[in-house]
Amino acid sequence: MAQLWGGRFTKETDRKVFAFNASIGFDRRLLPQDIQGSIAHVIMLARQGILSPTEKKQICDGLAGILRDVEEGLLDIDQEAFEDIHSFVEAKLIERIGEPGKKMHTGRSRNDQVALDMRLYTRQVVLEVDVLLKELLEGILDTMEEHIETYMPGFTHLQKAQPTTLAHHYGAYFEMFRRDRQRMSDICRRMDACPLGAGALAGTTYPLDRGYVAGLLGFAQPTRNSMDSVADRDYLIEFLAALSTVMMHLSRFCEEIILWNSNEYQFVEIDDAFSTGSSIMPQKKNPDIAELVRGKTGRVYGALMALLTTMKGLPLAYNKDMQEDKEVAFDAFDTVKDCLELFGGMLKTLRFKKERMAASAMNGFTNATDAADYLVGRGVPFRDAHGIIGRLVLYCIEKGTSIDALSLEELQGISDVFQADVYDAISLKACVERRLTLGGPGTLAMREVIAQNRAYLMQEDRD
């Protein structure tokens, strides 16, 4: 068992204690970040005269060789022999280059080392999630452009309310995922400080240049308090909260696709590549990907709650409890990236049944508000118009028909204000097209929003 702290102990750690204490089974994925941080630290130590140029080269070359050999499968990370990824790297370095390898850890603690590794890794994942969110936004926007005049019912309380378009409906999710991207940017800005050099909790007596090493690692600045540096997991909690919000948005979207795909709705058909069948019912085509994304939302929520609970009672500074941040975070990271990738692929291959969607909009009295507005336009106070249309809807329900299917005589039997032009006023197209305020489903309003969205995505490409 290779450990970095055996000097003051008189006997070896119990095997079960070692296994329980070890983190190498999951923190092994931090190897690239551990090597990156160690190389930056060593370069700084040499710049400060703490290491010689020869020692710097030996250590940096040795670290690069360890990373290369692991990535090429020439070196295994032995989980039985090493407590964590840091002890593995240091032991292998000393084994390869001898005495100079023992100087690598000068002026550093595992506390600030792991704080750096996790921050570097999380920063990378934030950027990866941002890329996936942007790809999803591009797919949503493509669908919006194609379906500006694809009419469908809009819902409140899961009941048909007013007519809208598929472009308008998708536009709501565009705004949600755009805000998710903004959260990614905010997180990157707040975690843009390097904890390396904080030591165990109180810094170090060595003349480290923390600003220099922060720059080498791509951070804007070093952290300003060494205790907070090793005890901070706010950035990770914030990221898990943002990922939970991403999953909530995905889950809502999946729920609607599942409904739209059902026999009762028949608005969409999910591509075979993103569906599965039944082992007993040959007619079944199940929306498993949408259901799994919806289900995995709870998994990501669980990671957030686990870390919040772990951190809630910890005194300053570092405590071993904080090792529990990694497994849940890694699982959440992997889950969200998989869900975004699969959901985006499913979304691009959906086939929309336009006639069915339009018929559903017409058959649910979604033009009732426009019928009331028609009466208001002819001088009827809105509250009176509301009552007239309510009676009209009740009449239609009793007759098993829709407002636009009634004869003019039937309409005038409830209110003599109705004239022949009412049919044009309450047509599906008219109901949608008259809603021209920014944010509405009317064609002009939607084209303006789509243009703004396209400009936003193109600006991101230029940046």
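## A walk through the chain

The secondary structure of this chain comes to 19 helices and 6 strands. With a radius of gyration of 31 Å, well over the 23 Å that the globule rule gives for 463 residues, the chain is more spread out than a compact globule. Keep in mind as you explore that this is a predicted model.

The overall dimensions give another view of the chain: along its principal axes, the C-alpha trace spans about 100 × 50 × 40 Å. Of the 463 residues, 50% count as buried. The chain exposes about 22,000 Å², and carbon and sulfur atoms supply 52% of that area. As for charge, there are 54 positive and 68 negative ones, and their mean positions are 3 Å apart. Contacts are worth a look too: among those between residues at least 6 apart in sequence, 75% join residues at least 24 apart.

Now let us step inside. In soluble globular proteins, nonpolar side chains tend to be buried together. Here, the largest nonpolar core has 108 residues, and those with the most contacts inside it are Phe88, Ile140, Tyr170, Leu250 and Phe333. Helix α10, covering residues 234-261, gives the most to this core, with 15 residues. Apart from this core lies another, of 21 residues, with Ala368, Ala371, Leu406 and Val417 among them.

Setting aside residues up to four places away in sequence, Tyr170 touches Ile140, Thr143, Met144, Phe253, Trp260, Leu347, Leu350 and Phe352. One of these partners, Ile140, is itself listed with Tyr170 among the residues with the most contacts inside the largest core.

Ala303 lies in helix α11, which runs over residues 288-311. Its relative accessibility is 4%, so Ala303 counts as buried. Leaving aside neighbours within four places in sequence, Ala303 is in contact with Leu240, Val328 and Ala332. If you want to check one of these pairs on the model, take Ala303 and Ala332: they are 29 residues apart along the chain, and their C-alpha atoms are separated by 6.4 Å.

The other stop is Asp69, a residue of helix α4 (residues 53-71). Is this aspartate buried or exposed? Asp69 has a relative accessible area of 13%, and because buried means under 20%, Asp69 is buried. Beyond residues up to four places away in sequence, Asp69 touches Leu74, Leu75 and Arg96.

Conventions. Residues numbered from 1 in each chain as written. Predicted model: local features only at pLDDT ≥ 70, side-chain atom pairs only at ≥ 80, totals over all residues. Heavy atoms only, no water. Helix = DSSP H or I, 4+ residues; strand = E, 2+ residues; numbered from the N terminus. Rg over C-alpha atoms; globule rule 2.2 N^0.38 Å. Buried < 20%, exposed > 50% of the residue type's maximum accessible area, 1.4 Å probe, protein only. Contact = heavy atoms within 4.5 Å. Areas by Shrake-Rupley, 256 points an atom, 1.4 Å probe, with all protein chains shown as cover. Lys, Arg positive; Asp, Glu negative; His and termini not counted. Charge placed at Lys NZ, Arg CZ, Asp CG, Glu CD. Core = buried A, V, L, I, M, F, W, Y, C linked by side-chain atoms within 4.5 Å.
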